[in-house]
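Here's a quick briefing to read with the model open beside you. Grab a viewer and follow along.

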Amino acid sequence: MTAASATTTEPTAPARGPVRRGGAPARPLRLMVGLVGLAVVAWLAVNIFLSLAYYPGWYGNSRVLMALVGVVAGLGGAALLFYFVNVFIESLPQRLSQGLIPYAFLIPAFGLISLMLLYPAVQTINYAFANRDSTAYVGLDNFRSIFTDGSFWVALTNNALWLIIVPVLTVAVGLFVALFTDRLSASGEKFAKSLIFLPMAISFVAASTIWRELIYNPNPNLGALNAILGTSNDWLRMDQGRLNSLLMMVILIWMQAGFAMILLSGAIKGVPEDTLEAARLDGANERQVFLQVIVPQIRGTILTVYITVVILVLKVFDIIYVLTNGQSDSNVIALMFFQELFTAGNAGRAAAIVVVLLLLVLPILVYQVRTFRKEQGR
Amino acid sequence: MSAAVTSAPAERTSNRQPGFMKDGRRRSWTSIIVATVLAALWVLPSLALFLSTLRSRDAQASVGWWNVFTDPLNQGWTLDNYTGVLQGQDMGASLLNTLVVSVPATILPIMFAAFGAYAFAFMNFPAKETLFVIIVGVMVVPIQVALSPMLNLLGPNGVGISGQFVAVWLLHTGFGMPLCLYTLRNYMSTLPFSVVESAKIDGASHYQTFWLLVAPMSIPAIAAFATLQFLWVWNDLLIAKLFLLPSNTTVVVRVQQMLGTQGQGAEIVTAGAFISMIVPILVFVLLQRFFVRGLTSGSVKG
């Protein structure tokens with residue numbers, strides 16, 4: 001698409017353009033209007049937002065009014081900002097303006113990404129080599145300190161367990177559910193899928209509350225698991241064989257299975273019926289049809305779901321924070337980072353842990369970019 | 001299943017046979033049974049929470065939630081837990097806070113991302129590929145990376161807005177930006193290029209083309225992202241906990257605090273948790289179509 005549009009837009013625009021724009025030379029007045037407008041809008045928007053934080057009294061301390069002002073200032077500000085950018089750029093000589101306008105449209109988005117993600121990432125790497133309050137560099141001390149710390153290895157092992165178990169089981173459960181719901185009538189399928197999908201909408205905190213109070217409750221009169229097994233175990237404190245971690249993984253799988261189901265079910269529906277028929281005519285049973293015909297054709301979607309859950313699991317924090325706070329050998333690195341930064345107040349070690357997290361994410365990042373490139377190349 | 005039954009009279013003239021569904025496929029009883037069991041299992045925890053919150057404090061502390069099915073008359077049905085949590089735990093104010101956080105944090109990223117997505121979809125410029133690859137990469141970066149530097153930047157030694165709603169709007173706008181750009185650009189790429197082309201020939205500026213043509217046509221993608229982002233912001237614990245003052249805090253943070261308080265009555269915690277779930281469930285039921293579409297397009301295509 002990119003190459004084709006480049007050749008089609010260029011010849012047509014100059015052919016008609018000059019008629020309306022009179023050769024489109026620089027127009028100093030519009031240029032000034034654009035610049036001044038830009039400055040005024042930016043100044044106003046920034047100050048309105050700052051006033052929301054500094055002087056809530058101006059808004060009668062009304063939260064609803066502040067939210068309204070925020071939405072109006074944000075939307076209106078952005079619309080006007082882009083309008084004046086457009087005025088400014090169109091006043092430039094046409095050749096220049098054609099080249100600049102894409103960047104002008106991208107600058108706000110990239111500015112926010114740079115401010116909120118790229119700059120902090122660099123700064124965090126920077127902090128990782130500094131002391132606990134980021135006032136002096138200490139070389140590799142933080143990394144030495146975390147890698148010789150037994151609790152860091154416990155967390156890393158737990159992360160490995162989460163990474164091995166949760167994505168595979170989520171895909172498996174999602175596939176299982178998708179296979180069976182796919183054979184229901186249309187309305188039955190929709191209904192069953194909605195119920196299985198529902199946990200996806202609730203927060204990790206609410207989900208953890210449900211499972212802690214109603215299922216893993218140590219009181220056998222109140223907790224379903226103890227009631228079923230006739231035991232009175234405090235499940236979330238049982239670290240034999242990392243049982244508590246496994247039980248917390250169940251919660252995440254319960255929440256994510258619906259997501260896997262939706263994507264996989266869509267892919268299964270896309271498998272051409274005649275390939276299935278052909279396999280059946282050749283005498284394949286349903287299991288062979290599934291493993292040798294369906295699965296190879298939906299491999300791309302299986303990978304997508306798998307990678308998405310892997311990314312989620314690497315960052316898993318809320319469930320463990322709420323249920324055990326990392327005690328009984330259940331810590332993970334995202335939570336250890338949090339404890340290091342806010343409980344121990346050691347910014348250096350916390351940053352070093354995040355750098356490890358970042359390194360773990362890196363292969364997935366590379367994989368994503370490569371997949372994207374391959375797709376664009378097609 | 002029920003729809004198949006009710007529409008049966010209309011279909012009677014067709015050659016539909018027992019054991020077959022409306023669309024001609026064979027009815028699979030194994031699938032019906034398995035799917036029913038799975039759906040029941042999946043919905044049971046949420047349903048149990050809801051039913052449990054309607055039981056009296058004594059019932060909740062003495063007998064398990066499954067007794068609502070075996071002994072429904074002796075559960076001391078009551079709404080006291082909800083009045084208790086709304087009054088005693090300031091849940092009403094937290095609910096309002098959560099809306100004040102979520103609505104702007106959902107709307108603001110769209111405006112900024114939409115123009116960028118337009119540039120990616122309809123314009124040609126050097127470095128286009130590289131810039132978009134950056135977006136694809138940044139989507140994977142965990143937000144933990146940003147927390148400590150952003151606390152310094154927005155905190156009292158920096159801009160001094162940490163603790164206020166503005167700080168959280170800004171953070172969610174920034175963190176939601178890569179996904180929003182990605183989703184909108186992918187959708188806009190599927191729109192016919194000729195539309196933009198003809199607008200350009202008619203002398204429309206890019207700004208006009210965006211507003212009059214591309215933005216209205218992109219509504220499905222915008223709705224999909226908005227649903228996803230709204231649920232994400234509503235359910236977020238980390239940013240709300242770190243960047244909001246206690247008086248501005250959200251329901252999810254309140255529930256987390258209740259869970260952490262030793263000796264807090266379970267009936268209060270469960271009622272609080274259910275209150276925090278009402279809005280997401282409503283959004284889910286009403287906007288499920290957009291939510292699914294958002295998830296499908298937002299999960300990076302393999």
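Which residue forms a salt bridge with A:Arg237? The partner is A:Asp234, and the closest N and O atoms sit 3.4 Å apart. Keep in mind that this is a predicted model. The rest is sorted by topic below.

**Salt bridges within chain A**
- Counting over all chains, the structure holds 13 salt bridges.
- A:Arg349 pairs with A:Asp149, with 2.8 Å from N to O. That pair ties together distant parts of the chain, 200 residues apart: A:Arg349 belongs to helix 16 (residues 347-377) of chain A, and A:Asp149 to the loop between helix 5 (141-147) and helix 6 (150-181) of chain A. Both of these residues are buried.
- A:Arg349 also meets A:Glu340 in a salt bridge, at 3.2 Å from N to O. A:Arg349 has a relative accessible area of 13%, so it counts as buried, the cut-off being under 20%. A:Glu340 is buried too, at 10%.
- There's also a network: A:Asp182, A:Glu189, A:Lys193 and A:Lys269 are joined by salt bridges that share partners.

**Where chains A and B meet**
- The contact draws on 119 residues of chain A and 123 residues of chain B.
- About 10900 Å² is buried between the two chains, and carbon and sulfur atoms supply 76% of that area.
- A:Arg373 and B:Glu129 form a salt bridge, with their closest N and O atoms 3.6 Å apart.

**Domains and a surface patch in chain A**
- Chain A splits into domain 1 (15-113) and domain 2 (150-377). Their C-alpha centres are 43 Å apart.
- A nonpolar patch on the surface is made up of A:Met32, A:Leu35, A:Val36, A:Val40, A:Trp43 and A:Leu44, which together have about 590 Å² of accessible area.
- One of the patch members, A:Val40, sits in helix 2 (residues 28-54) of chain A. A:Val40 has a relative accessible area of 44%, so it's partly exposed.

**A look at B:Leu99**
- B:Leu99 is part of helix 7 (residues 91-122) of chain B, and at 39% relative accessibility it counts as partly exposed.
- Leaving out residues up to four places away in sequence, B:Leu99 touches B:Pro104 and B:Trp234.
- From B:Leu99 to B:Leu147 is 48 residues in sequence and 23 Å in space, C-alpha to C-alpha.

Note on methods:
Residues are numbered from 1 along each chain as its sequence is written. Chains are lettered from A and ligands numbered from 1 in the order in which they are written. This is a predicted model: local features need pLDDT of at least 70, side-chain atom pairs count only at pLDDT 80 or more; totals for chains, interfaces and linings use all residues. Side-chain values use heavy atoms; hydrogens and water are left out. Domain bounds come from an automatic or database domain assignment. Patches are made of residues with over 30% relative accessible area and no salt bridge: like charges are joined within 9 Å, nonpolar side chains (Val, Leu, Ile, Met, Phe, Trp, Tyr) within 5 Å. Accessible areas come from the Shrake-Rupley method with a 1.4 Å probe; for residues, only the protein chains shown count as cover. A salt bridge is a side-chain nitrogen of Lys or Arg within 4 Å of a carboxyl oxygen of Asp or Glu. Helices (H or I, at least four residues) and strands (E, at least two) are DSSP runs, numbered from the N terminus. Buried means under 20% relative accessible area, exposed over 50%, partly exposed in between (1.4 Å probe, protein chains only). Contact means heavy atoms within 4.5 Å. Buried area is the accessible area (1.4 Å probe) that two parts lose on being put together, summed over both.
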